[in-house]
Amino acid sequence: MVEDIVKRTMEAVHETNAATLIVTGGVAANSELRSTFERESSLAGVPVYFPSRAMSTDNAAMIAAAAYPKFLAGDFAAEDMSAEASLALGPK
């Protein structure tokens, strides 16, 4: 997994002439991934940045945190609701 992610990302860095690489999300907490990105980005002359491990969270955890109060309140979506990335998480 690490080799594939780093390889594809570095290919994109080269194709787009990116000046900087930022690795985020839950995967950014992976030690092997961090060290591999640091090595490969150094070889490519592109600085790489990571958030702290405490801030390298999985999106699923953020969605669960937003949904939990709704679950406790019995505030459920209609069965025919479709997935839309732009839906608000706040009160109706």
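Predicted model: local features only at pLDDT ≥ 70, side-chain atom pairs only at ≥ 80, totals over all residues.

Tutor: Residues are numbered from 1 along each chain as its sequence is written, and side-chain values use heavy atoms, without hydrogens and water.

Student: How many residues has helix H1, and what distance does it reach?

Tutor: Helices are DSSP runs (H or I, at least four residues), numbered from the N terminus. The expected span is 1.5 Å times one less than the number of residues. H1 (residues 2–16) has 15 residues and reaches 21 Å between its first and last C-alpha, close to the expected 21 Å.

Student: Which residues of H1 are buried, and which are exposed?

Tutor: Buried means under 20% relative accessible area, exposed over 50%, and partly exposed in between (1.4 Å probe, protein chains only). Val2, Val6, Met10 and Val13 are buried in H1. Seen down the axis of H1, these buried residues fall within an arc of 55° (taken from the directions from the helix axis to the C-beta atoms), so they line one face. Lys7, Arg8, Glu15 and Thr16 are exposed on the other side.

Student: Why does Lys7 count as exposed?

Tutor: Lys7 counts as exposed because its relative accessibility is 52%.

Student: Where does H3 bend?

Tutor: A bend is the angle between axes fitted to the seven residues ending at a residue and the seven starting there. H3 bends by about 30° at Ala66, and Pro69 follows within four residues. Just after H3, Gly74 has a positive phi of about 70°.

Key. Helix = DSSP H or I, 4+ residues; strand = E, 2+ residues; numbered from the N terminus.
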